[in-house]
Amino acid sequence: MPEYRPQEIEPKWQNYWEQHHTFKTASSDEKAKFYVLDMFPYPSGAGLHVGHPLGYIATDIVARYKKHKGFQVLHPAGFDAFGLPAEQYAIQTGQHPAITTAQNISTYKKQLRRIGFNYDWSREVQTCAPEYYRWTQWIFIQIFHSWFNMETQKAEPVSRLIERFSSEGNAKVKAATDVQPDVFSAEDWNAYPEKKQQSILLHYRLAYLAETTVNWCPALGTVLSNDEVKDGFSERGGHPVERKNMLQWMMRITAYADRLLQGLEEIEWPDPVKEMQRHWIGKSRGAQVFFPLQAGEGAIEVFTTRPDTLFGVTFVTIAPEHEWVERLTTKEQQAAVRAYVDKAKNRSERDRMSDVKTISGVFTGSYVLHPFTSAPLPIWVGDYVLAGYGTGAVMAVPAHDSRDFAFAKHFGLPVKQVIEPAQSHDFSLAAWDEKHGAMINSSFLDGLEVPEAIDRCIQQLEAGQAGKGRTNYRLRDAIFTRQRYWGEPLPVYFKDGMPYTLQEEELPLLLPEIDKFLPTESGEPPLGRANNWNYQPGKGIVENGAGYPLELSTMPGWAGSSWYWFRYMDAQNNGVFSGKEALDFWGQVDLYMGGAEHATGHLLYSRFWCKILYDLGFVPVEEPFKKLVNQGMIQGVSAKASLYVAHSESTQIRTLIPPALSKSIPKEFLQTINYPIDGVPIKSEGDKLYYALDAETHEKNRKKYDFLKDITFSANDVAAALKRLAISSEEAMVPTLQASSFDGSNMPEILLPIEIEKMSKSKYNVVNPDEICDSYGADTLRLYEMFLGPIEQSKPWSTHGIDGVHRFLKKFWNLFHDEQFNFQVNEQSPTKEELKALHKTIKKVEEDMEKLSFNTTVSAFMICVNDLSALKCKKRSVLEPLAVLISPFAPHIAEELWSQLGHNTSISSAAFPQWNEEYLIENTFNYPVSINGKHRANVELALDLTPQDIEKAALQLEPVQKWMEGKPAKKVVVVPGRIINIVI
């Protein structure tokens, strides 16, 4: 047998697993189940980089380990395949997104297969496949036909609600609604025409149509989520985004706010993720306060968690989107207010919440009256107030709210103190935000502590009908439509302007073919281009002009990922989204791994949909993911600039671009091209010109000159050069030349500014895992990524230690072979030392695996292999269980060695070895022997010897007698199991 050759071994076993369906899972009650899952990946055109497999490797290790431990393991894979990138590519090229997506998925699957994951591909799902999104549409229909009963705190069929309306009206119905419905009797309801009944029901449904403020990107022709907008521009493409009101489909997630909070106490999730969801839901107890308008009828409604500070209000601020902005603006202030609103409305809510440094606002010219004192208070418009939170208006208390204080100081508004802090505080410098202290300047609240003042103020507000106590939530109902093509069509048609759903047996509603993937000339979404996009009950899809129009928007990207784990349980079932038997057996996902960036998106929406399906009796669990682990990020090293080294020759420039920092450029890259080169000249020295350019300009030059097309930044060489030259990234911020001569073979050293950041194609810092597999093999990649550090921590990618991991696998291979690489494992009985090394490792691996401490497990493997190599162990009874131990981490080499050991089945089905405490008990101790405090010798002695026997043995040692030079010992100190010290 030759030496360790992963390039031969790994394809062999990948083919074996595929041909023998090694990882195909069947539901069976004979074993305990374990469901392990990675967050749904989106198949981007760039393929995988080395950061992607970090979590995948971890879950693969857990799945293999649990199978060894006797569990029935479900470890499936699939793709969240609808998305804006594929659609944008279709717009640019005309290629259908389905083609692009299929190509990307094929690339992903090849890369995943190469790393040796034990996925059950027979359960693969793709959200863009009609056989999958048929069930996404089915779930939407169930949600549309449901309402939330506040009395039972659960979703119920709308059919029951209609029965109540028909028999008793709505006066006693307590439901989650988007508006307060008018009260009607049973007689009224039964007399209403169908259109009015449907209009009323829309206010109760869990999926409903409503006009709402959205992030609209004209260039992309779609609504974007807050996550997709940064500083007023789309994250993808950098296009301007504006805030506008549009009719949108909504999901009534606010009805589940309390249950979403309560459920966090029942799941094993990282505290930061739980806290992010709590903050996003934003439950707060306070008061609804009415500030009457000074001129005209009506009052501005404000929600506050600090009614105790009501006497400290000096102005009221409303959001730029508040419906009363125009009404409240005086003639003198119209121009200023309109200009401010136009500017402010295009900032995303996230930017406005996070940007505390930018202070802006404008006075409307109008006033409200204080509910207790009737004092006039000016009304301002400020973008730090959000229309979507509370009522879109705040009562400003500058003395006791930091943001109000900054606003007041900026615009010269009054600051009135109403709480006396226990310690000294300068109210001219900052607000006192704390919720403790005694009330002052507050009429009937004076002298009360803050908690008492809150309750007392609410009582007075309710007594005077100026307000009432209220629980409020930051959480807003979720926008559920996007004005784009590449997404799930909503199974909805419109009759007399009211939405109706298709019949379930008519699903899936397929995406139609269209001529191009842009909005129509009249501004309708791309589906408006379809020739056959009408619906006739009983006939299905018909030509435009017949039947009823279908919904033109598609579902958002999070729809298909909000239930996919249930489909994996029964992926081939054509009759239901997942069968009851499979659902009952697999239940929750036991271990879910993915990024923390999904805390308030996917993870929240998945919990929401799961609770609805649970309420309606379709699934047996209320929470989808029992345990969540957020893997850290493997970061890339980004070069932030480049240098061109140019030599002038008459009217031409010889140009050279280093593919990496401090790397000699092969002569074939030296080319002659015409001047000029895009870039900024930063230095001239003799016949040399130096150009600094950013990554974008570098790309322009690559497109202009063919010979540059394959030259890219190399993150590894950047880091290596900085380390070798002992140059810090700060010192490297100004590119410098380390050598002045250049003859085509002697490339000067060039330093580039670098940054450790997220690995991304756009940052030119991507490392392809295929390259690592080519050089070292997938097992090395798997072990190395786990060895980099704790799974939860982020770490920069560096290959400095990868050679050591590869050498470890060679050393492991050599345990089973002789020096000529002949297989050599014997049947001899193991020694005590060999058993100790093995069983210590078994125990350590089992303990670490339960804690998901993968890096320390790899360390334990290395220690064990070193110990056994030193002992020259070739014993089957030691090496065979060691192969099983290592197989979850390095499955290819383990399979090959398992086969060489004579097994005909995959090592994945082998039982995990058990450690024996007997082999771990220490019967002897290697005592250090000191003479006059200096270490002179060691002696291995039994632990059950008496101090007298230990002393006698130590004095007889040859090195001890040598150092004592015949002198008698004045004193011998023996600490059993610790030390021996001889004083002469």
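**Figure 1. Phe165 and Tyr204 are both buried in this predicted model.** The centres of the two rings, Phe165 and Tyr204, are separated by 5.3 Å, and their planes meet at 70°, so the pair is classed as edge-to-face, a term used for planes over 60 degrees apart. Phe165 belongs to helix H6, whereas Tyr204 is found in the loop between helix H8 (194–202) and strand E5 (207–217); the pair therefore ties together parts that lie 39 residues apart in sequence.

**Figure 2. Phe165 also pairs with Phe184, one contact among the 61 aromatic pairs of the structure.** With ring centres 5.0 Å apart and planes at 80°, Phe165 and Phe184 form an edge-to-face pair. Distant parts of the chain are linked here: Phe165 is in helix H6 (residues 158–168), and Phe184 is in the loop between H6 and helix H7 (186–191), 19 residues apart. Phe165 has a relative accessible area of 0% and is thus buried. Phe184 has a relative accessibility of 4%, and it counts as buried because this value is under 20%.

**Figure 3. The charged end of Arg64 sits over the ring of Trp17.** In this view, the distance from the charged end of Arg64 to the ring centre of Trp17 is 5.0 Å.

**Figure 4. Arg252 lies over the face of Tyr208.** Arg252 is placed at 4.0 Å from the centre of the Tyr208 ring.

Terms used
Residues are numbered from 1 along each chain as its sequence is written. This is a predicted model: local features need pLDDT of at least 70, side-chain atom pairs count only at pLDDT 80 or more; totals for chains, interfaces and linings use all residues. Side-chain values use heavy atoms; hydrogens and water are left out. Rings of Phe, Tyr and Trp (its six-membered ring) pair if their centres lie within 6.5 Å; planes under 30 degrees apart count as stacked, over 60 as edge-to-face and the rest as tilted. Helices (H or I, at least four residues) and strands (E, at least two) are DSSP runs, numbered from the N terminus. Buried means under 20% relative accessible area, exposed over 50%, partly exposed in between (1.4 Å probe, protein chains only). A charge sits over a ring if NZ of Lys or CZ of Arg is within 6 Å of the ring centre and within 35 degrees of the ring normal.
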